[in-house]
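Here is a short report on one protein chain. Please look over the sequence and the structure before reading on.

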Amino acid sequence: MGPISVKKKIKIVTVLLIVAVVCLLITLLGIYWPKGWQKLEEIPRYQGILDASVTQVILVERGEQSVTFTDQDLLQQWEEGLSQLEVKQLPERQGDAEYLQAMESPGARTAYVYLGEKEYNFLIGGEVLLTQYGYYSFRPSEGLPYEETFDAAVQRHGLDDP
């Protein structure tokens, strides 16, 4: 068997380059392609969020009325809500625009949730959620029990002093 011809070498190199480019594209798409709906805990920055119990929640309506509670039954609702919450990360610019629009609408609210010693902020406007780690779209039907726990806590404890 003789040496490989120049044409054959070019074909082999071309095929290897095409395979390498395809592999690179698949890798980049896997990293940068927007992910679908994920449980909150599946997001790297939130892994382990549910390892600690919810110890306190502060809910704020439009930056004006607030209520703080440590009632075990209400905290349990937040633990369940966080465990079921499905989110989809929004690109920062899209998140900025959607979040600013949502925060100007009636019903914008904030939840400060304490899990062990850590505090997590959830600024909620419509179906947009801003956290310390970015903007997310979320499924309200499966998510945070804001209204139920706000109303129950106000009935039990009244509103916090301004």
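**Basis**

This is a predicted model: local features need pLDDT of at least 70 and side-chain atom pairs count only at pLDDT 80 or more, while totals for chains, interfaces and linings use all residues. Residues are numbered from 1 along each chain as its sequence is written, and side-chain values use heavy atoms, with hydrogens and water left out.

**Overall fold**

The protein has 4 helices and 8 strands. Helices (H or I, at least four residues) and strands (E, at least two) are DSSP runs, numbered from the N terminus. Their order from the N terminus is α-β-β-β-α-β-α-β-β-β-β-α.

Contact means heavy atoms within 4.5 Å. Among contacts between residues at least 6 apart in sequence, 67% join residues at least 24 apart.

The accessible surface is about 10,500 Å². Carbon and sulfur atoms account for 57% of that surface. Accessible areas come from the Shrake-Rupley method with a 1.4 Å probe; for residues, only the protein chains shown count as cover.

Of the 162 residues, 35% count as buried. Buried means under 20% relative accessible area, exposed means over 50%, and partly exposed lies in between (1.4 Å probe, protein chains only).

**The core**

In soluble globular proteins, nonpolar side chains tend to be buried together. A nonpolar core is a set of buried Ala, Val, Leu, Ile, Met, Phe, Trp, Tyr and Cys residues joined through side-chain atoms within 4.5 Å. The largest one here has 29 residues. Leu40, Leu59, Trp78, Val113, Phe122 and Leu129 touch the most other members. At least two residues of this core come from each of β2 (54-61), β3 (65-69), α2 (72-84), β5 (109-115), β6 (118-125), β8 (134-138) and α4 (146-157).

**Helix α4**

Helix α4 has 12 residues. From first C-alpha to last, α4 reaches 16 Å, close to the 16 Å expected at 1.5 Å a residue. The expected span is 1.5 Å times one less than the number of residues. Glycine 158 follows α4 and has a positive phi, near 75°.

Which residues of α4 are buried? They are Tyr146, Thr149, Phe150, Ala152 and Ala153. These buried residues pack against β2, β3, α2, β5 and β6.

Leucine 74 is buried, with a relative accessible area of 1%. Not counting residues up to four places away in sequence, Leucine 74 touches Phe69, Thr149, Ala152, Ala153 and Arg156. Leucine 74 and alanine 152 are 78 residues apart in sequence, yet 8.1 Å apart in space, C-alpha to C-alpha.

**Salt bridges**

Side chains of opposite charge can pair when their charged atoms come close. A salt bridge is a side-chain nitrogen of Lys or Arg within 4 Å of a carboxyl oxygen of Asp or Glu. The structure holds 3 of them.

| Pair | Closest N and O atoms |
|---|---|
| Arginine 156 and aspartate 71 | 3.1 Å |
| Arginine 156 and aspartate 73 | 2.6 Å |
| Arginine 109 and glutamate 147 | 3.1 Å |

Arginine 109 in strand β5 and glutamate 147 in helix α4 are 38 residues apart. Arginine 109 is buried at 14% relative accessibility. Glutamate 147 is partly exposed at 38%.

Arginine 156 lies in helix α4, while aspartate 71 lies in the loop between β3 and α2, 85 residues apart. Aspartate 73 is in helix α2, 83 residues from arginine 156. Arginine 156 is partly exposed at 42% relative accessibility. Aspartate 73 is also partly exposed, at 39%. Aspartate 71 is buried, with a relative accessible area of 16%.

**A surface patch**

Ile4, Ile12 and Leu16 form a nonpolar patch on the surface. Together they have about 290 Å² of accessible area. Patches are made of residues with over 30% relative accessible area and no salt bridge: like charges are joined within 9 Å, nonpolar side chains (Val, Leu, Ile, Met, Phe, Trp, Tyr) within 5 Å. Leucine 16 sits in helix α1 (residues 6-32). Leucine 16 is exposed, with a relative accessible area of 56%.
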